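Biologist: I am new to this structure and would like to learn how to read its features. Please show it to me first.

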Amino acid sequence: MLPEVETDFTDGYEVEEEPSLTWKLDIENGRIRGLADGEDAVRQAVYCILNTERYETLIYSWDYGVEFVDLIGSPLNYAMTELARRAEEALTQDDRIMGVSDFVFDTGQKGIVHMSFIIHTAYGEMFAEKEVGI
């Protein structure tokens with residue numbers, strides 16, 4: 001039988017927040033230019049998460065990215081519900097993102113759903129949008 005020991009491992013230590021410093025992507029020119037931190041780094045992370053199909057890229061864990069491809073051919077009402085759920089699930093894997101809300105869908109163009117939403121981050125709220133082929 002082992003003795004019971006009550007130990008508080010956090011006593012005398014401070015929790016330090018790590019910076020979100022990362023390389024800044026220049027999407028338009030296909031280059032990496034400088035560094036991004038804070039809100040810019042989160043905005044870039046949102047872009048990367050929403051544009052990476054989960055399970056298709058070996059360099060990312062299976063927790064990274066979204067699952068949109070299997071929604072092709074789905075009924076529109078089901079697809080919109082799943083788009084919102086899957087986008088929120090994928091984005092909240094990032095510790096800097098607390099939640100996603102206020103989804104608005106536009107189905108004006110055949111075969112494409114345009115969704116816009118608000119992302120609640122550690123740096124405040126930010127607007128995001130994504131077009132998905134259905």
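Biologist: Is Arg 43 buried, partly exposed or exposed?

Modeller: This is a predicted model. Arg 43 has a relative accessibility of 38%, so Arg 43 counts as partly exposed.

Biologist: Which side chain does Arg 43 meet in a salt bridge?

Modeller: Side chains of opposite charge can pair when their charged atoms come close. Here Arg 43 pairs with Glu 39, at 2.9 Å from N to O. Both belong to helix H1 (residues 39-50) and sit four residues apart, about one turn of the helix. Glu 39 is partly exposed as well, with a relative accessible area of 34%.

Biologist: How many salt bridges does a search of the whole structure find?

Modeller: The search finds nine. One of them joins Glu 82 and Arg 86, at 2.9 Å from N to O. These two are four residues apart in helix H2 (residues 76-91), so about one helical turn separates them. Both Glu 82 and Arg 86 are buried. Glu 89 and Arg 85 form another salt bridge, with their closest N and O atoms 3.1 Å apart. Glu 89 is partly exposed at 32%, and Arg 85 is partly exposed at 41%.

Biologist: Which residues are linked in a network of salt bridges?

Modeller: The network links Arg 54, Glu 67, Asp 70, Glu 82, Arg 85, Arg 86 and Glu 89.

Biologist: What does the side chain of Thr 121 reach?

Modeller: Thr 121 lies in strand S4 (residues 112-121). Its side chain reaches the backbone nitrogen of Tyr 123 at 3.0 Å and the backbone oxygen of Gly 124 at 2.6 Å. Thr 121 has a relative accessible area of 8%, so Thr 121 is buried.

How values were computed:
Residues numbered from 1 in each chain as written. Predicted model: local features only at pLDDT ≥ 70, side-chain atom pairs only at ≥ 80, totals over all residues. Heavy atoms only, no water. Buried < 20%, exposed > 50% of the residue type's maximum accessible area, 1.4 Å probe, protein only. Polar contact = N/O pair within 3.5 Å; in protein donor to acceptor, adjacent residues only side chain to side chain. Salt bridge = Lys/Arg side-chain N within 4 Å of Asp/Glu carboxyl O.
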